[in-house]
There are 4 protein chains.
Amino acid sequence: MTIQEMKERVYKANLELVSRGLVLYTWGNVSMIDREQGVIVIKPRGVEYDDLVADDMSVTDLDGNILEKGLLPSVDLDIHIAIYKAYPAIGGIAHTHSTYATAWAQARRDIPTYGTTHADHFYGDIPCTRALTPEEVAGNYEMETGNVVVETFQERGIDPMHLFGVNVGGHGPFTWGATPEASVENSVILEELSRMALLTEQIAPKAPKLESYVLDKHFLRKHGANSYFYQSKEK
Amino acid sequence: MTIQEMKERVYKANLELVSRGLVLYTWGNVSMIDREQGVIVIKPRGVEYDDLVADDMSVTDLDGNILEKGLLPSVDLDIHIAIYKAYPAIGGIAHTHSTYATAWAQARRDIPTYGTTHADHFYGDIPCTRALTPEEVAGNYEMETGNVVVETFQERGIDPMHLFGVNVGGHGPFTWGATPEASVENSVILEELSRMALLTEQIAPKAPKLESYVLDKHFLRKHGANSYFYQSKEK
Amino acid sequence: MTIQEMKERVYKANLELVSRGLVLYTWGNVSMIDREQGVIVIKPRGVEYDDLVADDMSVTDLDGNILEKGLLPSVDLDIHIAIYKAYPAIGGIAHTHSTYATAWAQARRDIPTYGTTHADHFYGDIPCTRALTPEEVAGNYEMETGNVVVETFQERGIDPMHLFGVNVGGHGPFTWGATPEASVENSVILEELSRMALLTEQIAPKAPKLESYVLDKHFLRKHGANSYFYQSKEK
Amino acid sequence: MTIQEMKERVYKANLELVSRGLVLYTWGNVSMIDREQGVIVIKPRGVEYDDLVADDMSVTDLDGNILEKGLLPSVDLDIHIAIYKAYPAIGGIAHTHSTYATAWAQARRDIPTYGTTHADHFYGDIPCTRALTPEEVAGNYEMETGNVVVETFQERGIDPMHLFGVNVGGHGPFTWGATPEASVENSVILEELSRMALLTEQIAPKAPKLESYVLDKHFLRKHGANSYFYQSKEK
């Protein structure tokens, strides 16, 4: 894939966040990685979407060094890099401040698995990280944010290819996937699950979590070797 | 009615769920039955709506055997079949993961009859089924889901032609009607009733249920032999 | 004003309820009265908005007798008539099942005056009527519903020209005004006030009511002899 | 800048409030000040947006004396003037009755700093003023409203260039900025923060406030001498 094609995809994926109502103003960013070429493409920082074109996307190497003269990359680039380095199977990352997911991040709570809608897409509760320490914030804040994501999955033994997102405590959600498009779809779904989970607790404060055998059934009929959910239209 | 006409109607009914905001991505499906011809038409599984055309709708017999080469039917087909077999008067079924109705399903609570808006369309509380057992999930999960719907109505003595929908506990709503269009309308109304019921409890946690004589009045002025609510524009 | 002009205005006022998001399907109706001519124009019952044209509006005398061959008037006509008879200064009435206002009706609570937004448009708490008795429901249900609105204002000593709406307990809101357009505007505002009042209680369960001297100030700077709020663009 | 250009900007800023969903009917107003020319431009009072053109904007001097024959200025003009006089660095003010911010005003609570979304734009809790006294309401009500805003910031030692907005208790939000466009953006953001803060408390009634060192980090990376967030597209 050419860098130009990567820029087009990252640009469209960023616009999709806006059209889905997940992003106000410049809040949010999507990136894509090509590990073979050693290239990351990401939305530039602090520019209004109306002013952006695909060619404005920033291009860096896997350590964040800028490869193309142009706009500076998102300030969150180092968060993306930390996650890319830890999870070699992912190809795209999306970050938003979508309303309901961010509310769970601010509440510092994992998003509980209350139903099959959740189980169809995330294999268990969506974790909320701990707060960063003063030292982490004073250092490379953005990279430490990514590190805390990785630490959370590691300490809890969560497989990032079964649970494609996280809430950074006090901040908001990051989601990922095999492609930037998949990472955006996971942001959209995470927002809807966040809303449903709150409503569930409002209807029944002691609502039970989904039965574990139903969680398995729903996740595995859509993901992995025995899935029977998707099909290609090509016949 | 030709199969082609059925496909058109099922296709449009599926799109209506999207335009009404009840469906994200591929979440949801509508089917139609023609009992004389022995045919069910249903949305194919796991294909984006943008990629679908009417001709893609799947065609099966009343046991789910595929009659036309093409896309595989919705994974929920067996749920539809179980309901069609139990309720001979219905002609269409809709399934969604609409936000508020699903939240009640996740909360494992019946949706209480709080007002005349509810009484105009559903003759009493909308039931939430029990969870499926591990054995039911390990077997023909989708058919067992349909069976649990039928069991719920049977055990509680609810007439499915007076109460056109249900919540599957931990999953979400199924609605039905004489036609696929009616089943979709009932999904839209169920979602609004679900939202109103939650808001009612938030305003008054001990809100009374609607007086039973008002429930009767409102349901019966719109449904059945003595209804005086609807009219045809043809004069 | 000709009957044709009345039909156009009533038709447009009904459509405004839809475009403002206050009405699903056929839920809701607007009427207009011309007391000199002895004519009421109201939306016909149970017809989809998409199928309606202005000429379909029903025309009756002040007792509900149909004056023009055509579609039957809204089943709620007698509610409108009871209110028109009691309040000679009003020229239009709107009825909806808008989400938040209906939730307050279902909760059987008056909508408290929590802020100046409320005070700008309604001079005090918006009352919720008592439930109708079994006898009232068994009789002329719709006319008794109107009577209970009038009874509520009378017993509480509320001036209907200072408080342009009511919630019928377990049912939903009716609003009025000098014109059908004003009655629709009051429905829109009532819905927003209903939403704000619930949110206020969620943020502070013991929120104080608006200071009475601020209520007076805001209502009276917009209504009555000493108002200084509105101006005509004609200069 | 010519008065005509100011009118265009104020007009567009007012329309932006509508298109962002922050304003129903005529609820809300934006103004702009040119201190060198001694001119304030503000939306006229009580005229529907559909009837307005840029040339209708009202022009006054810094004491509110009308400089151009035309429509009367917003009744809230004196609130704007009181704030402009106290804060010489600001160039625009926006006032709305947006749903969630107004609910916090009605609840008489400061909006807590629960997350980095808040910290990116407002440097701490958004204050809610005290209620006005009967004497203040009976006097120049609008000017006293502005005075109470200024008093609140003064008494609490808040820098209005670090915290660009306030809720007037029982009334609603005012926001400001270097330009009218910035004041509108701050209204949009305040509304979103108000919604997120309520949701946060609903998810976790005892949610902690954002760590102060994270508040500093986020606010200061976007504002002030050491910010590294924004860039101009001109390269």
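Contact here means heavy atoms within 4.5 Å. By that criterion, no contact joins chain A and chain C, whose closest C-alpha atoms lie 12 Å apart. Chain B and chain D likewise do not touch, and their nearest C-alpha atoms are 12 Å apart.

This is a predicted model, in which local features need pLDDT of at least 70, side-chain atom pairs count only at pLDDT 80 or more, and totals for chains, interfaces and linings use all residues. Residues are numbered from 1 along each chain as its sequence is written, chains are lettered from A and ligands numbered from 1 in the order in which they are written, and side-chain values use heavy atoms, with hydrogens and water left out.

**Symmetry**

Two copies of a chain are related by a rotation about an axis and a shift along it.

For chain A and chain B, the copies use different surfaces, with 3% of the contact residues of chain A recurring in chain B. For chain C, only 2% of its interface residues are also interface residues in chain B, so these copies too meet through different surfaces.

**Interface of chains C and B**

The contact takes 40 residues from chain C and 36 residues from chain B. Buried area is the accessible area (1.4 Å probe) that two parts lose on being put together, summed over both. Between chain C and chain B it is about 3,300 Å², of which carbon and sulfur atoms give 58%. On the side of chain C, the residues that lose the most area to chain B are C:Tyr25, C:Trp27 and C:Gln106, together 20% of what that side buries.

**Sheet and helices of chain A**

Helices (H or I, at least four residues) and strands (E, at least two) are DSSP runs, numbered from the N terminus. Two strands pair if DSSP finds at least two bridges between them. In chain A, six strands form an open antiparallel sheet in the order 3-2-1-4-6-5. Strand 3 (58-60) and strand 5 (165-168) stand at the edges with a single partner strand each, so one side of each is left without a neighbour in the sheet. Strand 1 (residues 29-34) and strand 4 (residues 92-95) of chain A pair over four bridges in the antiparallel sense, and A:Val30 stands opposite A:Ala94 in strand 4.

Helix 7 (residues 180-203) of chain A has 24 residues, which at 1.5 Å a residue should span 34 Å; its end C-alpha atoms are 35 Å apart, which agrees. The expected span is 1.5 Å times one less than the number of residues. Buried means under 20% relative accessible area, exposed over 50%, and partly exposed in between (1.4 Å probe, protein chains only). Helix 7 of chain A is mostly covered, with 19 of its 24 residues buried.

**Positive phi angles**

Although not a glycine, C:Arg108 has a positive phi of about 60°. C:Arg108 is placed in the loop between helix 3 (99-107) and helix 4 (116-119) of chain C, and counts as partly exposed at 22% relative accessibility. D:Tyr25, also not a glycine, has a positive phi of about 50°. The loop between helix 1 (3-19) and strand 1 (29-34) of chain D holds D:Tyr25, which counts as buried at 10% relative accessibility.
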